[in-house]
Amino acid sequence: MGFGMWMRTSQSCLKICKCKRVIQGKATCGWNWNQNSVRNYKVTVVGASGGIGQPLSLMLKQNPLISELSLHDLKLVKGVAMDLSHICTNPQVESFEGEDEASLENSMQDSHIVVVPAGMPRKPGMDRDQLLSANGFVAMAVATAMSKACPKALVAFITNPVNSVVPIASEAMKSLDCYDPKRIFGVTTLDVVRARTFLAKHMKVDPAEVNVPVIGGHAGITILPILSQCCPIFKGTPEETKALVHRIQEAGTEVVKAKAGTGSATLSMAYAAAHFVHALLRGLNGEEDVVECAYVASDVTESPYFSTPLELGPDGIKNNLGLPDMNSDEQESLKKMIPELKKSIDEGTKYAQEAICNPKKGPESKK
């Protein structure tokens with residue numbers, strides 16, 4: 001079964017307020033591309049042999065808009081690339097292995113999109129902020145390599161903590177004179193995927209028929225699903241609403257505990273990342289009304305980085321659609337979230353500034 005047969009589009013029933021128009025579409029069983037689609041995009045996966053990287057690469061190998069799939073990791077990536085190369089789909093697969101800067105730069109050469117699942121995975125009892133010292137180096141290394149190999153590429157960070165990693169990469173790119181806020185994304189699609197799944201189960205409908213904006217960040221209370229804007233309308237009680245919001249916010253911990261210390265969310269994250277990369281490709285390809293939530297540089301709140309629905313285009317962000325309408329409880333949750341989000345951003349900015357002043361080598365560990 002091809003890639004287009006198992007993933008639904010994200011456009012069904014999407015309703016975004018505070019926007020001059022309502023973007024709505026119909027869900028289908030296939031990818032939404034036209035007969036004149038450009039199909040020669042290069043995508044690089046950094047951290048391709050890890051728990052997220054392998055299934056993500058498998059899904060991208062099935063994407064009809066990709067002609068070249070470049071895989072990078074510290075080790076074991078050659079076997080992954082060889083395995084994928086036997087699949088009878090169009091993308092040609094290349095692998096690049098090693099800790100040296102040259103291998104990373106070579107993997108990204110002339111890429112249109114760089115997606116980054118590299119980094120240390122979250123472990124039981126580990127706070128996301130504890131990942132910063134280990135995974136901050138990944139953001140710095142990717143930014144540096146992109147400045148030389150593909151300064152105009154779109155980059156999508158999966159590496160946690162996303163709330164801090166995106167600011168780190170942004171500061172690094174500013175120092176390298178290749179910063180474009182329209183091209184740097186933190187992937188929060190998994191929060192939307194989970195929200196749609198949990199709401200669909202509660203309402204006893206197909207998840208493909210559910211759309212709901214999830215705003216803020218990508219950790220704990222900074223994840224804010226706006227259930228009041230769910231389509232179809234969510235009619236849960238206040239208690240049911242509170243329980244669903246909490247489950248969406250803590251779903252990552254749910255997976256970490258279920259895996260009993262052996263890993264974090266990998267398959268669902270790979271699915272969500274593949275969905276987001278496809279949305280970026282659709283935007284690059286000139287398709288209209290491509291809308292996804294993502295964590296980006298923003299001025300819609302007091303927080304300098306924030307996830308809201310974005311309209312995507314050939315240059316990355318075409319239009320930030322801003323905050324959806326919210327009820328009083330959601331507005332209160334937004335107020336409580338902002339200080340937490342700003343703290344993570346400040347930590348990331350501080351890390352980057354110190355790293356820029358005192359550069360040092362570090363490992364690119366795998367998720």
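Reader: Helices (H or I, at least four residues) and strands (E, at least two) are DSSP runs here, numbered from the N terminus. Where does Q229 lie, then?

Author: In this predicted model, Q229 is in the loop that joins β8 (223-225) to α7 (238-249).

Reader: Is Q229 buried or exposed?

Author: Q229 is buried, with a relative accessible area of 13%; the cut-off for buried is under 20%.

Reader: Which backbone oxygen lies 3.4 Å from a polar atom of its side chain?

Author: That of D325.

Reader: Changing topic. How many aromatic pairs does the structure hold?

Author: There are 2 aromatic pairs. In one of them, the ring centres of F185 and F276 are 5.6 Å apart and the planes are at 65 degrees, so this pair is edge-to-face.

Reader: Which parts does that pair tie together?

Author: F185 belongs to strand β6 (residues 184-186) and F276 to helix α9 (residues 267-284), so the pair links parts 91 residues apart in sequence. F185 is buried at a relative accessible area of 0%, and F276 is buried at 0% relative accessibility.

Reader: And why is the pair of Y295 and Y305 called tilted?

Author: The Y295 and Y305 rings have centres 6.2 Å apart and planes at 35 degrees, so the pair counts as tilted. Planes under 30 degrees apart would be stacked and those over 60 edge-to-face. Y295 lies in strand β9 (residues 290-297) and Y305 in strand β10 (residues 305-313), so the parts tied together are 10 residues apart in sequence. Y295 is buried at 0% relative accessibility, and Y305 is buried at 5%.

Reader: Which charged end sits over the ring of F198?

Author: The charged end of R247, at 3.8 Å from the ring centre. There is also K174, which lies over the face of Y179, 5.1 Å from that ring's centre.

Reader: On to the core. Which residues of the largest nonpolar core touch the most other members?

Author: That core has 45 residues, and M108, V114, V116, V142, M146, V155 and F157 touch the most other members. Elements that supply at least two residues each include α3 (101-108), β4 (113-116), β5 (154-157) and α10 (328-357).

Reader: Which helix gives the most to it?

Author: α4 does, with 10 residues. In general, nonpolar side chains in soluble globular proteins tend to be buried together.

Reader: What is V155 in contact with, leaving aside neighbours within four places in sequence?

Author: V155 contacts V114, V116, V142, M146, M173, R183, I184 and F185. Another core, of 44 residues, lies apart from the largest one, and L60, V77, V187 and M269 are among its members.

Reader: Now helix α1. How many of its 9 residues are buried?

Author: Helix α1 (residues 53-61) has 7 of its 9 residues buried, so the rest of the structure largely encloses this helix. The buried ones are G53, P55, L56, S57, M59, L60 and K61.

Reader: What do they pack against?

Author: The partners of the buried α1 residues are β1 (41-46), β2 (66-73), α2 (77-85), β3 (92-97), β4 and α9.

Reader: What pLDDT does the protein average?

Author: The average is 89, and 85% of the residues score at least 70. Residues 1-36 have a pLDDT below 50, although the model gives this stretch 93 contacts beyond near neighbours in sequence. Residues 361-366 also stay under 50, with 25 contacts beyond four places in sequence.

Technical notes: Residues are numbered from 1 along each chain as its sequence is written. This is a predicted model: local features need pLDDT of at least 70, side-chain atom pairs count only at pLDDT 80 or more; totals for chains, interfaces and linings use all residues. Side-chain values use heavy atoms; hydrogens and water are left out. Rings of Phe, Tyr and Trp (its six-membered ring) pair if their centres lie within 6.5 Å; planes under 30 degrees apart count as stacked, over 60 as edge-to-face and the rest as tilted. Buried means under 20% relative accessible area, exposed over 50%, partly exposed in between (1.4 Å probe, protein chains only). A charge sits over a ring if NZ of Lys or CZ of Arg is within 6 Å of the ring centre and within 35 degrees of the ring normal. A nonpolar core is a set of buried Ala, Val, Leu, Ile, Met, Phe, Trp, Tyr and Cys residues joined through side-chain atoms within 4.5 Å. Contact means heavy atoms within 4.5 Å. A polar contact is a pair of N or O atoms within 3.5 Å; within protein, one must be able to donate a hydrogen and the other to accept it, and residues adjacent in sequence count only if both atoms are side-chain atoms. pLDDT is the predictor's confidence in each residue, from 0 to 100.
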